[in-house]
Amino acid sequence: MKIVIIIISILLLIAIAQIYLSRSTQQTEQHSYKVIKKFDKFEIRKYDAALFSSVKLNKKGYKESSSEGFRILAGYIFGDNEANEKIAMTSPVVMELGDTSKMRFMVPKNYNLKNLPNPKNTKIIFEKEEEKIIAAIRFDGWSDDEKIQKYKTILRNELVNEKLNFINKFSFLGYNPPYEVMNRRNEVVVELINYE
C-alpha cells in the first residue's frame, strides 16, 4: 500500500510540474499572427513582420540539424554575445528544411538591429522577415523527420486540392521546450503566393 501511495504522489508531482511548464510556455512571446481561414486539416494565417536570429547548417533533415542549431542560437540568447546579455526565449523555434537547413529564433519585440548585442559566433546572422501569408498544419507529440515529412505531404496535397499556390519551401515550427512532455504543439508551414 505504501508503494502505491508513493507512485501516485510521484505521478501527481509530475502532472503538476507539467501544468506549470505548460503555463510558462504559453507566456513566452510568440510570433504574432491572425487566422484568415480554417480548413478541415490546415489553416491560413497572416504573420506580422519580425526579426530573427538564424544559423544555417550544412546538414539535411530535422534530426541531423536541430541539436546543433539550437545549441548555437540558445548559446547566443543565454549570454554568449559581446554584451554577455541574456535575451528572452521566444516561440516557436523555426527550422527551414531542405538540402541544407536553417534554424531561426524570433528576436523579442523590444530589440532591433541597433540594440541587439553582436553574437560571438560568426555563424549567427539576423534576418528581417516581412509580413506574409502562410498555410499551417498542426500535430501533437514529439517531432521527428518521419512525422514532419508526413504532415508536409498532407499539407502539400491539401493546398493542391484547394488550388492554392505556395513557395516550395516548407518549415517546421516547434513550440515546446524538450522537458515539456504534455500538450506539445508542432506545425509544418509554407508561404502562400498571391493569396487573396
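Biologist: Why is Asn-118 called partly exposed?

Modeller: The relative accessible area of Asn-118 is 43%. Buried means under 20%, exposed means over 50%, and partly exposed is what lies in between, with a 1.4 Å probe and protein chains only. The value of 43% falls in between, so Asn-118 is partly exposed. One caution: this is a predicted model, where local features need pLDDT of at least 70, side-chain atom pairs count only at pLDDT 80 or more, and totals for chains, interfaces and linings use all residues. Residues are numbered from 1 along each chain as its sequence is written, and side-chain values use heavy atoms, with hydrogens and water left out.

Biologist: Where is Asn-118, and which residues does Asn-118 touch?

Modeller: Asn-118 sits in the loop between β7 and β8. Helices (H or I, at least four residues) and strands (E, at least two) are DSSP runs, numbered from the N terminus. Leaving aside residues up to four places away in sequence, Asn-118 touches Tyr-76, Asn-81 and Glu-82. A contact here is heavy atoms within 4.5 Å. Asn-84 is 34 residues from Asn-118 in sequence and 9.6 Å away in space, C-alpha to C-alpha.

Biologist: What makes Asn-183 exposed?

Modeller: Its relative accessible area is 58%, so Asn-183 clears the cut-off for exposed. Asn-183 lies in the loop between β10 and β11. Asn-194, in the segment after β11, is exposed too, at 72%.

Biologist: What is the phi of Asn-183, and what is the phi of Asn-194?

Modeller: Asn-183 has a positive phi of about 55 degrees, although it is not a glycine. For Asn-194, phi is near 50 degrees, again positive in a residue other than glycine. Most residues other than glycine have a negative phi, and most peptide bonds are trans.

Biologist: How do you know that the bond between Ser-91 and Pro-92 is cis?

Modeller: Omega is about 0 degrees there. Pro-92 is in the loop between β5 (90-91) and β6.

Biologist: What makes β2 and β8 edge strands?

Modeller: Take the order of the open sheet: β2-β3-β9-β11-β10-β6-β7-β4-β8, nine strands with antiparallel pairing. β2 (33-38) and β8 (124-129) each have a single partner strand, so one side of each has no neighbour in the sheet. Between neighbouring strands the average turn is 30 degrees, direction ignored.

Biologist: How do you know that β6 and β7 pair?

Modeller: Two strands pair if DSSP finds at least two bridges between them. Four bridges join β6 (residues 93-97) to β7 (residues 101-106), so these strands pair. They run antiparallel, and Val-94 stands opposite Arg-104 in β7.

Biologist: How many bridges does β11 share with β9, and how many with β10?

Modeller: Seven bridges join β9 to β11, and six join β10 to β11. Both pairs are antiparallel. Ile-134 stands opposite Glu-191 in β11, while Ser-171 stands opposite Val-189.

Biologist: Why is β11 called mostly covered?

Modeller: Seven of its eight residues are buried. Across the protein chain, buried residues make up 43% of the 196 residues.

Biologist: What makes one side of α3 the buried side?

Modeller: The buried residues of α3 are Ile-148, Tyr-151, Leu-155, Glu-158 and Leu-159. Their arc around the axis is only 95 degrees, which puts them on the same side of α3. The arc is that of the directions from the helix axis to the C-beta atoms. Glu-146 and Asn-161 are exposed on the other side. The buried residues pack against α2, β6, β9, β10 and β11.

Biologist: Which residues have the most contacts inside the largest nonpolar core?

Modeller: Phe-42, Leu-155, Leu-159 and Val-188, in a core of 36 residues. Such a core is a set of buried Ala, Val, Leu, Ile, Met, Phe, Trp, Tyr and Cys residues joined through side-chain atoms within 4.5 Å. α2 gives the most to this core, six residues. A second, separate core of 10 residues includes Phe-52, Ala-136, Leu-173 and Tyr-175.

Conventions:
Axes fitted to C-alpha atoms, helices over the stretch in contact; angles between N-to-C directions.
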